Structures are given as structure tokens and as C-alpha cells.
Amino acid sequence: MRVTAIPSPTNERANSSSTRLAKARTWLARYGLLLALVILCSLLSLATPSFLTLANWVIVIRQISINAILAVGVTYVLLTGGVDLSLGSVVALTGVTAACWAHPDQYPAFLPVLAGVFAGMLCGMVNGFIVVKGRVAPFIATLGMMIVARGLALVISGGKPVSNLSRQFTRIGGGDMLGIPIPIIILFAVALASWTLLRNTRLGRYVYAVGGNENAARASAVTMQ
């Protein structure tokens, strides 16, 4: 004789409540920061009517563009389950390196930019080599790079601000193009390129796979070569 269990209405309500709670937690984990930003902007707009004007938003986005570009780069580190403590020091090193090549009548503007990018890439490669090949925890590896990069920046600059920069170089951070600040253009270009890479390329899928489960990714023949 087969006995069929009849679901209890109490159990059904409990399961339904737990399911809704799980969905709410998932939604908050995904969109919580965006919701907080919307609430903050709403409160500021009520306190100051000029907050929602186009001119003010251009100023705000321009001011956060540098940090936003850095956030795009460190996204890859976080997606793979790592951490980077050296970001600020590497930014200082790349800035000093670029500025030392950007004096008037010395080099074209693109050479200082390439010098700074190369310095940042070199630091990233050293971090990656130590973490992957040396089996050192990212926290320790990037902590060491933080000290080294900050020290190199002080040595290169002599502990003083680098001044007398060319107009073409300073225009990258302070100029406009078609009425739009250049830092904002760079930010959207970097963000769009990063979004495309993560969403539509094999490398992007590999980044998510490694961050989700490194052992499973290795067993699935995922390589970062």
C-alpha cells in the first residue's frame, strides 16, 4: 500500500516565504549599490535643486572619472577572486613616470602616456607572476608591490612634485573634446571596451570561470594563455 504525503499549507507558506526571501537577497546583492546611489541622488536633488543639472553632472563625472577607470581595471582582479593592495602606489608610479617624459619640447604627448602605461603593465605582470608562478597569496604579493612602487615613485620624482608639463599632456586630464571633458570620454571608452571583453570574448568567460571555481576551470581545460 502506497502512502502519499499531503503537503501541509503551513509548509507551503514557509517554502514560499523562504523563496521570496532568497530572491530578495539575490536582488539586493546585485542591485543594492545602485539602489543606494539612486536614493542618495534623490536626497541630494531635494536638498539642492541644481544637483540634477547637466553642468553639475558633468563636473561630478569628471571628478570621479579617474577612480572609475581604476575600478574598471581592478574589476578583473576581483572577478578572479583576488585582491590588489598596490593600486594606489602603482598609480603614483605611472603618473610620475609619465610626467617625467612630458616636459615641453621634449617628446610628443603619446610617449609619456605609453611610458606610464608600460610602467603600470610591468607592475601588473610582476604581481601576476608572483601570484601564479610563485604561489604567493595576492594579499602578500600586492602588499610588497605597494611598498616597492611607492618607493620607486619617490626615487624618480626626488620626493617633489613633477612640474613644467607640456600643454598637450595636461590637456588629456584637463581639456575638452566637442564640449565633453576628455577624462569622461576615456572613462566611457574604457568601460565599453571592458564590458565588451567580459561579455563577448573567450577571455571574459575565462575570467568568470576562474573566479567562480578555479579548480573546476582548470579541470575544464581553461587556460589564461
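Okay, housekeeping. What we have is a predicted model, so to speak of local features we need pLDDT of at least 70, side-chain atom pairs count only at pLDDT 80 or more, and totals for chains, interfaces and linings use all residues. Residues are numbered from 1 along each chain as its sequence is written, and side-chain values use heavy atoms, with hydrogens and water left out.

Let's start with helix α4, residues 110-132. Helices here are DSSP runs of H or I with at least four residues, numbered from the N terminus. How far apart are the end C-alpha atoms of α4? They are 32 Å apart, and that agrees with the 33 Å its 23 residues should span at 1.5 Å a residue. The expected span is 1.5 Å times one less than the number of residues.

Which residues of α4 are buried? Pro112, Ala115, Gly116, Ala119, Cys123 and Asn127. Buried means under 20% relative accessible area, exposed means over 50%, and partly exposed is in between, with a 1.4 Å probe and protein chains only. Those buried α4 residues pack against α3 (87-100), α5 (138-157) and α6 (167-174). Contact, by the way, is heavy atoms within 4.5 Å.

Ser89 sits in helix α3 and is buried, at 4% relative accessible area. Leaving out residues up to four places away in sequence, Ser89 touches Met146, Ala149 and Arg150. Ser45 is in helix α1, and Ser45 is buried too, at 18%. With those sequence neighbours again left out, Ser45 touches Phe51 and Leu52.

Now Phe139, over in helix α5. Its relative accessibility is 44%, so Phe139 counts as partly exposed. Phe139 and Asp84 are 55 residues apart in sequence, yet their C-alpha atoms are 6.8 Å apart in space. Phe139 also touches Val83 and Leu85, not counting residues up to four places away in sequence.

On to the aromatics. How many aromatic pairs does the structure hold? There are 3. Rings of Phe, Tyr and Trp (its six-membered ring) pair if their centres lie within 6.5 Å; planes under 30 degrees apart are stacked, over 60 edge-to-face, and the rest tilted. One of the pairs is Trp27 with Tyr31, tilted, at 5.6 Å centre to centre and 45° between the planes. Both lie in helix α1 (residues 9-47), 4 residues apart, about one turn of the helix. Trp27 is partly exposed at 43%, and Tyr31 is partly exposed at 34%. Then there's Trp101 with Tyr107: centres 5.1 Å apart and planes at 35°, so that pair is tilted. Trp101 comes in at 38%, partly exposed, and Tyr107 at 37%, partly exposed.

Last stop, the second largest pocket, with about 410 Å³ of space. Lining residues include Asn67, Thr75, Trp195, Arg199 and Tyr208. The elements giving two or more residues to that lining are α2 (54-79) and α7 (182-200). A pocket here is an open set of points on a 1 Å grid over the protein atoms alone, where a 1.4 Å probe fits, with protein on both sides within 12 Å along at least five of seven lines; lining residues have an atom within 4 Å of a point. Grid points are joined across faces, edges and corners, and the volume is the space filled by probe spheres set on the points.

That's my tour; happy to take questions.
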